[in-house]
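Let's walk through this model together, one question at a time. Have the sequence and the 3D view open as you read.

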Amino acid sequence: MCHHAPLIFVFLVETGFLYVGQAGLELLTSGDPPASAIQSAGITGVSHHAQPVFRFIAYILLQVKFEAQKKILQRLESYIQMLNGVNVTTAVPKSESLPCLLHPIIPSPVINGYRNKSTFSVNRGPDGNPKTVGYYLGTWRDGNIVCVRSNNLKNIPEKHSQVAQYYEVFLRQSPLEPCLVFHEGGYWRELIVRTNSQGHTMAIITFHPQKLSQEELHVQKETVKEFFIRGPGAACDLTSLYFQESTMTRCSHQQSPYQLLFGEPYIFEELLSLKIRISPDAFFQINTAGAEMLYRTVGELTGVNSDTILLDICCGTGVIGLSLAQHTSQVLGIELVEQAVEDARWTAAFNGITNSEFHTGRAEKILPGLLKSKEDGQSVVAVVNPARAGLHYKVIQAIRNCRAIRTLVFVSCKLHGESTRNVIELCCPPDPAKKLLGEPFVLQQAVPVDLFPHTPHCELVLLFTR
């Protein structure tokens, strides 16, 4: 075997696009990949003879992701040195120009069908039918976008694909056209499917009302409801069906309420010994088993104790803070989505957690006032888990300028753009022009967690102290 043979691999990315990569990796010619990586990958359902091949591929793909995270950290280190003239992260020994200790990647316990939430588009399929439900292939720039069914996507559960297929059946018998481009009219839009580990299924249908009257809208809602209760769609055995009238690409519950057509208003999940309530609009990590690994990692890095106030910023349904509540004096959560905050409060009450508070709104508006009372010697540990766009600069200012925050855990699903700027501003010397007056943080550790098998993505957990 050639020691440096190029390995061709295929990722099915989170959005369903096909990603083909080539890596010139050194193939192992003696010994086996580390047993922990193989066993933790949890690959099942293949023959005895095929298992070594699949395990080896899983190991290689994890190494590709690990190398990608290493490059991100190396780039981050060069940015900090270039922008500040000095290396501001010198508190720990370094190697290979890394700004901190980089731990091995933590594999996902589940490889196939791990998604608990899938968003299906409606557009033209390979046969030109505009009522095709699935994921996009191609690029808008090249004008070769096509919508394909999800049956062959390894990260999509069979239940999600089943609901999508029956939604497609419904669309093709509906007299109303799909809404492919807003200004061109049409009505039926995307489908969201959420499931839990108990097999309960929530479906959310998005609909552009155009100029339909309330009576006409009622007819459409009753039609789709009947299809999934007593029609062919009854095979999906939905726990609940929601309907949202939306004239924008994305609408929150506050902008356009989710209308429950039938079933239970919530689904529930068991995670880290907590029973968690999940609303249709609430953020919850898409890989439940992987999320447990992620949150355990975050908890270990925080180092909280009974004297600690835990600040959970962009907290979603509050799982990180609530899972650590018994080890802290207080948990303070901030979340933009009102439904998610209501879920967090319900979860706290149901699980008997009395030392938590959750605040609804933009973190940049709530955080400064919340932190003003935390300057009296109290130890504050902050956890931030922002969307891909990163944190608002006023949130960074508030964190930097609160002397009580000595430890910060930053969870990033994409350390690029604004998120990179966030890290640089956390670590840079004081800058009065940017109102960054507090002592800089030092990046100490980084832990990649593979929440997204079959894709090139993973979460990166960063530990900062000062």
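Helices (H or I, at least four residues) and strands (E, at least two) are DSSP runs, numbered from the N terminus. This is a predicted model, where local features need pLDDT of at least 70 and side-chain atom pairs count only at pLDDT 80 or more, while totals for chains, interfaces and linings use all residues. Residues are numbered from 1 along each chain as its sequence is written, and side-chain values use heavy atoms, with hydrogens and water left out.

Q: How many helices and strands does the protein chain have?
A: Let's begin with the overall picture. Of the 466 residues, 53% count as buried, where buried means under 20% relative accessible area, exposed over 50%, and partly exposed in between (1.4 Å probe, protein chains only). The secondary structure comes to 10 helices and 19 strands.

Q: Which strands stand at the edges of the open sheet of 8 strands?
A: Two strands pair if DSSP finds at least two bridges between them. With mixed pairing, the order is β3-β18-β19-β17-β16-β13-β14-β15. Each edge strand has a single partner, so one side of each is left without a neighbour in the sheet; these strands are β3 (101–102) and β15 (356–360).

Q: Which residues does Leu311 contact, leaving aside neighbours within four places in sequence?
A: Contact means heavy atoms within 4.5 Å. With those sequence neighbours set aside, the partners of Leu311 are Leu332, Leu367, Leu370, Leu371, Val380, Val381, Ala382, Val383 and Ile405.

Q: Which residues of α9 are buried?
A: Helix α9 spans 393–401. The elements covering its buried residues include β13 (308–313), α8 (363–371), β16 (379–384), β17 and α10 (418–427). The buried residues are Val395, Ile396, Gln397, Ala398, Ile399 and Arg400.

Q: Is Cys402 buried or exposed?
A: Cys402 lies in the loop between α9 and β17 (405–412). Its relative accessibility is 1%, so Cys402 counts as buried.

Q: What is the volume of the largest cavity?
A: On a 1 Å grid over the protein atoms alone, a cavity is a set of points where a 1.4 Å probe fits but cannot get out; lining residues have an atom within 4 Å of a point. Grid points are joined across faces, edges and corners, and a volume is the space filled by probe spheres set on the points. By this rule there are 3 cavities of 30 Å³ or more. The largest holds about 80 Å³.

Q: Which elements give two or more residues to the lining of the second largest cavity?
A: This cavity has a volume of about 60 Å³. Its lining is made up of Asn116, Arg194, Thr195, Asn196, Ile267, Glu269, Ile278, Phe284 and Thr288. The elements giving two or more of these residues are β7 (188–195) and β11 (267–271).

Terms used:
1 Å grid on protein atoms, 1.4 Å probe; cavity = no way out; pocket = protein on both sides within 12 Å on 5 of 7 lines; lining within 4 Å.
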